[in-house]
Amino acid sequence: MNGPSGTAGYGAEAQALAVQYESVTFAEVHREMLHLFPAPPAAVLDVGAGTGRDAAALAALGHSVVAAEPTPELRYIGEELHRDSGVRWTSDALPGLPSLGGERFGLVLLTAVWMHLAPAERPPAMASLARLVAPGGRMILSLRHGPVPPGRRMFDVPPEETVAQATTNGLHPIHRITRADLHGRPGVGWTILAFEAAG
């Protein structure tokens, strides 16, 4: 994404956000979906990796992990916090993720990312993601619902739209849940979707 767009507000608040992100564990965030994660070792891409909480946890399990984070301040914090994790960091961003080229991943993870994409960005972003999922691989993403914090760009994306876009690109829905916000923010809830590419 060019300009401030979906990353607006994150650089200035990076330190506070790092505390928030790291205050919950990988297992807490993904507890309803962990049974869908591949067994290690697998190639994993964490898109919008933030401070690398999930990327580092996945690397500790034995996966080969790429963390894509477009906000320099968050990426720097993540590289420092998890410097011995073995995670490979990149500054790439949706909708294109151009630096990842022909790579393929057994798991592509988008946690609290998709809501930052404007309507026109979502179809090309889904096409980019579908190209990165290996045959038989899975993609898991979360959709945020509720009020938008000041200074941020977010969209309340209908799950049906996301499912339709994924299906069009050969990613088939295999699981869907709704959950409350782990940070207890008033009016905020989440839909988590899992997809699988044909084997």
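Analyst: Let us begin with a term, since a contact here means heavy atoms within 4.5 Å. This is a predicted model, and among contacts in its protein chain between residues at least 6 apart in sequence, 69% join residues at least 24 apart.

User: How many helices and strands does the protein chain have, and in what order do the elements run?

Analyst: The protein chain has 6 helices and 7 strands, and, read from the N terminus on, the elements follow the order α-α-β-α-β-α-β-β-α-β-α-β-β.

User: What share of the residues is buried?

Analyst: Of the 199 residues in the protein chain, 51% are buried, while the accessible surface comes to about 8600 Å², with 58% of that area belonging to carbon and sulfur atoms.

User: How should I describe two helices that pack together?

Analyst: In general, two packed helices are described by the angle between their axes and by the distance between those axes. In this model, the axes of helix 5 (residues 122-132) and helix 6 (residues 159-168) come within 9 Å and cross at roughly 50°, which means that helix 5 is oblique to helix 6. The crossing in which helix 5 passes helix 6 is right-handed.

Conventions
Residues are numbered from 1 along each chain as its sequence is written. This is a predicted model: local features need pLDDT of at least 70, side-chain atom pairs count only at pLDDT 80 or more; totals for chains, interfaces and linings use all residues. Side-chain values use heavy atoms; hydrogens and water are left out. Axes are lines fitted to C-alpha atoms, for helices over the stretch in contact, and angles run from 0 to 180 degrees between N-to-C directions. Helices (H or I, at least four residues) and strands (E, at least two) are DSSP runs, numbered from the N terminus. Angles under 35 degrees count as roughly parallel, over 145 as roughly antiparallel, 65 to 115 as roughly perpendicular and the rest as oblique. A crossing is left-handed if the near helix is turned anticlockwise from the far one by less than a right angle, and right-handed if clockwise. Buried means under 20% relative accessible area, exposed over 50%, partly exposed in between (1.4 Å probe, protein chains only). Accessible areas come from the Shrake-Rupley method with a 1.4 Å probe; for residues, only the protein chains shown count as cover.
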